[in-house]
Amino acid sequence: MKGAPEGLPIPRADAMTQPFWEACAAHRLVVQHCLHCGAFGHPPRPVCRDCQGREFEWSESQGRGEVFTYMIAHHAVHSAVEEQVPYGVIIVKLDDCGGALFTSNLVDVDPHAIHIGLRVRLVWEDIADGVALPRFTLER
Ligand SMILES: [Zn+2]
């Protein structure tokens, strides 16, 4: 997958995800961090996955990690990505932020070269005015 496909739906922030998307627009990857138990988690949720706490801060990730698991999409789930298949959908285990898991795409890599444990780093894809998507590519 390379470049923003024409017609790709633009993510819409809600009250819960607005800080995440605002950080993305500034090319900063932030992860929700529970102020009660210290757990990290993504995507943002109103209640902590571990302790049911409701107070959070946003912790910035350096955007490096490894492929925790992945799949190769052979079927376009939206007409905007029909010419992109096959492409890799990965879950990255971040090196920081408590090893939070983050779902994204691996770009500029043959999807059949993806494997668990592959080292990756964050890259940004600006898809619209003020909207950037966090993607990953090979760590070099
Ligand atoms: Zn918690």
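1. Ser61 has a relative accessibility of 4%, so this residue counts as buried (buried means under 20% relative accessible area, exposed over 50%, and partly exposed in between, with a 1.4 Å probe and protein chains only). Ser61 is placed in strand β3; helices (H or I, at least four residues) and strands (E, at least two) are DSSP runs, numbered from the N terminus. A polar atom of the Ser61 side chain lies 2.9 Å from the backbone nitrogen of Gly63. Apart from neighbours within four places in sequence, Ser61 is in contact with Leu29, Leu94, Asp96 and Cys97, where contact means heavy atoms within 4.5 Å.

2. A word on the source: this is a predicted model, in which local features need pLDDT of at least 70 and side-chain atom pairs count only at pLDDT 80 or more, while totals for chains, interfaces and linings use all residues. Residues are numbered from 1 along each chain as its sequence is written, and side-chain values use heavy atoms, with hydrogens and water left out.

3. Which residues are the protein donors of the zinc ion? They are Cys34, Cys37, Cys48 and Cys51, each through SG, lying 2.2 to 2.4 Å from the ion. Donors are N, O and S atoms within 2.8 Å of the metal (3.2 Å for Na, K and Ca); water is not among the atoms, so sites may look incomplete. The donor residues are spaced C-x2-C-x10-C-x2-C in sequence. Distant parts of the chain are linked by the pair Cys34, in strand β1, and Cys51, in the loop between β2 (40–41) and β3, which are 17 residues apart. Cys34 counts as buried because its relative accessibility is 1%, whereas Cys51, at 25%, counts as partly exposed.

4. The geometry of the zinc site is tetrahedral, with angles of 102 to 114 degrees among the four donor atoms. Four donors count as tetrahedral if all angles lie between 85 and 135 degrees. The ideal angle for four tetrahedral donors at a metal is 109.5 degrees.

5. His42 also belongs to the loop between β2 and β3. Is His42 buried or exposed? With a relative accessible area of 18%, His42 is buried. Leaving out residues up to four places away in sequence, His42 touches Phe20, Arg49, Leu101 and Phe102.

6. Helix α1 spans residues 18–25, and its buried residues are Phe20, Ala23 and Cys24. These residues cover an arc of only 105 degrees around the axis, so they lie on the same side of α1; the arc is that of the directions from the helix axis to the C-beta atoms. Their cover includes β1 (29–34), β3 (56–61), β6 (101–106), β7 (119–128) and β8 (131–138). His27 follows α1 and has a positive phi, near 60 degrees.

7. The largest nonpolar core has 20 residues, and Leu29, Ile90, Leu94, Leu106 and Phe136 have the most contacts inside it. At least two residues of this core come from each of α1, β1, β5 (87–94), β6 and β7. A nonpolar core is a set of buried Ala, Val, Leu, Ile, Met, Phe, Trp, Tyr and Cys residues joined through side-chain atoms within 4.5 Å. Not counting residues up to four places away in sequence, Leu106 touches residues including Ile90, Ile114, Val120 and Phe136.

8. Gly65 lies in strand β4 (residues 64–73) and is buried, with a relative accessible area of 0%. Gly65 and Leu122 are 57 residues apart in sequence, yet 8.7 Å apart in space, C-alpha to C-alpha. Beyond four places in sequence, Gly65 touches Val92, Lys93, Leu94, Asp95, Leu118, Arg119 and Val120.

Technical notes: A polar contact is a pair of N or O atoms within 3.5 Å; within protein, one must be able to donate a hydrogen and the other to accept it, and residues adjacent in sequence count only if both atoms are side-chain atoms. Four donors count as tetrahedral if all angles lie between 85 and 135 degrees; four count as square planar and six as octahedral if opposite donors are over 155 degrees apart and all others between 65 and 115; anything else is irregular.
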